[in-house]
Amino acid sequence: DMSEAADKRLLAVLQVERFGPPEAGLLDALTRLQHQGWAVTVTTPAPEDSRPPELPEGIRWAALELGGLAHGAGARAVASWPRARRLAREHDVVYLNGSVAGRLIPALRTRPVVLHIHDTVRRVPRHWLSADLVLADSRSAGVLLDPLEVHVVGSPVELDPARSGTDTEVVEPQEYAANLGALLGEVATRKRRVSAALRGSS
């Protein structure tokens, strides 16, 4: 029974309202994670009553505005920080899917945060250094994220090599979900141990 097995809670923050192949690949992985014992909540930057029809049954949904890609649009993400904090408190780990979702990192300092960068980037914002784990789809994209320590995970679907790096390996969906689940669980456990140690030393 999936509901009985759900002993870990994941908040997955998506930065797009309309899903393409990359989001479909992620949704498949999130559905598989439910069978690994994760209760999953997905957020999208959609109006309050606009749950994406593609979201599978059993996955909770919430609206969370992140601002667009235009210059200065990040201010809208700052307005969402209190809501992001409230949602994060109900979950064991927060998975930020993309650089725009990464705008929430300063609001999430008390929660385990995994940042997944899918595109090659020119600049690493300082607040990304606070992420507990950073994922990239390819080695070539990961190198550009220096000085961050990056874990390369590939992709469960074919991605645009011009954006994600020419060496992105397509991974079997089941293997991808298992790997993602293991990484998320490891981050949550590590953060809990650190928090417990800090409480014990105070």
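# Briefing: a buried strand, salt bridges and a pocket

At 16% relative accessibility, Asp92 counts as buried (buried means under 20% relative accessible area, exposed over 50%, partly exposed in between, with a 1.4 Å probe and protein chains only). This is a predicted model, in which local features need pLDDT of at least 70 and side-chain atom pairs count only at pLDDT 80 or more, while totals for chains, interfaces and linings use all residues. Residues are numbered from 1 along each chain as its sequence is written, and side-chain values use heavy atoms, with hydrogens and water left out.

**Salt bridges**

- The count comes to five salt bridges (a side-chain nitrogen of Lys or Arg within 4 Å of a carboxyl oxygen of Asp or Glu).
- Arg9 pairs with Asp92 in one of them, with the closest N and O atoms 3.1 Å apart.
- Arg9 lies in strand β1 and Asp92 in the loop between α4 (81-89) and β4, so this pair ties together parts that are 83 residues apart in sequence.
- Helices (H or I, at least four residues) and strands (E, at least two) are DSSP runs, numbered from the N terminus.
- Arg9 is partly exposed, at a relative accessible area of 34%.
- Arg190 and Glu186 form a salt bridge, with 4.0 Å between the closest N and O atoms.
- Both Arg190 and Glu186 lie in helix α7, four residues apart, about one turn of the helix.

**Strand β4**

- Five of the five residues of strand β4 (residues 93-97) are buried, so the strand is largely enclosed by the rest of the structure.
- Val93, Tyr95 and Asn97 are buried on one side of β4, and Val94 and Leu96 on the other.
- Strand β1 (residues 8-14) pairs with β4 in the parallel sense over five bridges (two strands pair if DSSP finds at least two bridges between them).
- Leu14 stands opposite Asn97 in β4.
- Four bridges join β4 to strand β5 (residues 113-117), and these two run parallel.
- Leu115 in β5 is the bridge partner of Leu96.

**Second largest pocket**

- The second largest pocket holds about 230 Å³ of space.
- On a 1 Å grid over the protein atoms alone, a pocket is an open set of points where a 1.4 Å probe fits, with protein on both sides within 12 Å along at least five of seven lines; lining residues have an atom within 4 Å of a point.
- Of its 14 lining residues, Asp132, Leu133, Val134, Glu149 and Arg190 lie nearest the centre of this pocket.
- Helix α7 (173-201) gives the most to the lining, with four residues.

Conventions. Grid points are joined across faces, edges and corners, and a volume is the space filled by probe spheres set on the points.
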